[in-house]
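Please examine the model shown below. The paragraphs that follow take up its parts in turn.

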Number of protein chains: 2
Amino acid sequence: MHLPDSRRQKQLQQLVVKLGLPDNAPIQWALLDQALTHATFSQTRNYEQLEFVGDAVLRLVSAECLYETYPQLSEGELSAIRAALVSDRTLAKLADRYDLSRYLLIGASALGDKAGAQTRSAAAFEALLGSLYLSTHDLSLVRPWLNVHLQEFADTIRRDPTLENYKGALQGLTQAHYQTLPDYRVTEIGHNHGDKERFLAEVWLNGKCWGAGKGQSKKAAEQEAARAAFHALQIQRG
Amino acid sequence: MHLPDSRRQKQLQQLVVKLGLPDNAPIQWALLDQALTHATFSQTRNYEQLEFVGDAVLRLVSAECLYETYPQLSEGELSAIRAALVSDRTLAKLADRYDLSRYLLIGASALGDKAGAQTRSAAAFEALLGSLYLSTHDLSLVRPWLNVHLQEFADTIRRDPTLENYKGALQGLTQAHYQTLPDYRVTEIGHNHGDKERFLAEVWLNGKCWGAGKGQSKKAAEQEAARAAFHALQIQRG
């Protein structure tokens, strides 16, 4: 075990207090240190494996929270909300609430990569959950502070399940009910860079096109198509 | 809460003993009953929502088990093994070890659907995990008997990570490292039903074709293509 030096230790303790955990919480500091270390800072001891565990922690806490908060929703609807809840976008917002990037050890090369900042924040946040879970092998260091946030985000997403991530919501629905992923077919229809309808995306599932959408980028067109398909499938399922 | 009648209760107790749990285990019998009820038997009280929770339980127990058993593996490799571990195929095998279909309440209409049997077994197995987790809100009724199986399957999959589910393994790898899903393009190249090379599948990722494969069915061609792409990506990643 590689223990953090005293300056880093103090910094990590500050974060733990910010999470609302007692300062004598049974935390494995070496794991927490690793959770907040990017691969550009250490190739061998970084957050990647802890992110793998933390992603599963987040999914379980979210599943439990949604199951108990919305007992009337179907599996597909629960999956759709969770897809938005565990999206990089939501996780990066959560990370920001705790100013997580301040605690992340990172190489200068990655710092320049502004576009990767959201993914990095989300990954570090999941790794943080992984390190807390593995400190005790249960959810006692995670639930107390995470549930409040999840409930708040879920409530927002619930009012507009598609607000955050239509592609994720659609994927949740199709995996739960059709055991398959939707197929996106994108065509470039406009030829100017700024064209608001430059791309046309279609969503295909089981041999049928369920929705189409246009956008300035491939991604935007796909989100629009996913939104149309999501609603079409919900109507179809009654 | 809808409590099972005494005959059903006895049957469920028998299953609990089979799982190796003590007969005074703090099980919520109504939940266990629901976990083993198919939608064709009850539209309102069936396994679907518990499957949603159980899927997350399984993912966390698997993540923890793999993280501890293979500390040397990368996140992508761990994800690939887990994808195979949580596949319907593996779960149906696990369900069979406990003869789970004997305990499943199901309508006659679904019984005729032999093709759906594997999916049903896998879903009921996940729902079982969900009901045990929600009985105590921790993993104390799940880990004691599940870990042994997971370790055994993981060991087999590890020796051939692609044995069970190449598409799942590839998806784990691309999600972990490229934050995207592979795109399958399938063309019908043979025109006879039994033709062993009837379909040609290609796997595309970030504008490049990473592998191709042929097969008698779309699925078989896709698995072959996924296998080629999985290895090509592993080489690429060094």
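How much area do chain B and chain A bury between them, and what share of it lies on carbon and sulfur atoms? The structure is a predicted model, and in it the two chains bury about 3000 Å² between them, with 60% of this area on carbon and sulfur atoms. The size of an interface is often given in this way, as the accessible area lost when the parts come together. On the side of chain B, the residues that lose the most area to chain A are B:Phe52, B:Tyr67 and B:Glu75, which together account for 25% of what that side buries.

The contact itself involves 35 residues of chain B and 35 residues of chain A. Between the two chains there are 12 residue pairs in polar contact, counted with both residues at pLDDT 80 or more. The number of salt bridges between chain B and chain A is two. One of them joins the side chains of B:Asp55 and A:Arg82, with an N to O distance of 4.0 Å. Four helices of chain B each supply at least two residues of the side that touches chain A, namely helix 3 (48-69), helix 4 (75-85), helix 7 (117-136) and helix 9 (166-178). Helix 3 of chain B gives the largest share of that side, 16 residues.

The relation between the chains comes next. Two copies of a chain are related by a rotation about an axis and a shift along it. Here chain B is superposed on chain A by a rotation of 180 degrees with a shift of 0.0 Å along the axis, and the RMSD is 0.1 Å. This is the relation of a two-fold axis. Both copies use the same surface, for 100% of the contact residues of chain B recur in chain A.

Taken along the principal axes, the C-alpha atoms of chain A fill a box of roughly 60 × 45 × 25 Å.

The three strands of chain A form an open sheet in the order 1-2-3, and their pairing is antiparallel. Strand 1 (183-188) and strand 3 (208-215) of chain A stand at the edges and have a single partner strand each, so one side of each is left without a neighbour in the sheet. On average, neighbouring strands of this sheet are turned by 20 degrees against each other, direction ignored. Seven bridges pair strand 2 (residues 199-205) of chain A with strand 3 of chain A in the antiparallel sense. A:Leu205 has A:Lys208, in strand 3 of chain A, as its bridge partner. Helix 10 (residues 218-236) of chain A lies across strand 1, strand 2 and strand 3 of chain A, and runs at about 145 degrees to strand 3 of chain A.

The sheet of chain B can be followed strand by strand. Three strands form this open sheet, in the order 1-2-3 with antiparallel pairing. Which strands of chain B stand at the edges? These are strand 1 (183-188) and strand 3 (208-215) of chain B; each has a single partner strand, so one side of each lacks a neighbour in the sheet. Strand 1 of chain B is joined by six bridges to strand 2 (residues 199-205) of chain B, and the two run antiparallel. Strand 2 and strand 3 of chain B pair in the antiparallel sense over seven bridges.

Helix 10 (residues 218-236) of chain B lies across strand 1, strand 2 and strand 3 of chain B, at about 145 degrees to strand 3 of chain B.

Methods: Residues numbered from 1 in each chain as written. Chains lettered and ligands numbered in written order. Predicted model: local features only at pLDDT ≥ 70, side-chain atom pairs only at ≥ 80, totals over all residues. Heavy atoms only, no water. Pairing = 2+ DSSP bridges. Axes fitted to C-alpha atoms, helices over the stretch in contact; angles between N-to-C directions. Contact = heavy atoms within 4.5 Å. Least-squares fit on C-alpha atoms with pLDDT ≥ 70 in both. Buried area = accessible area lost by both parts, 1.4 Å probe. Polar contact = N/O pair within 3.5 Å; in protein donor to acceptor, adjacent residues only side chain to side chain.
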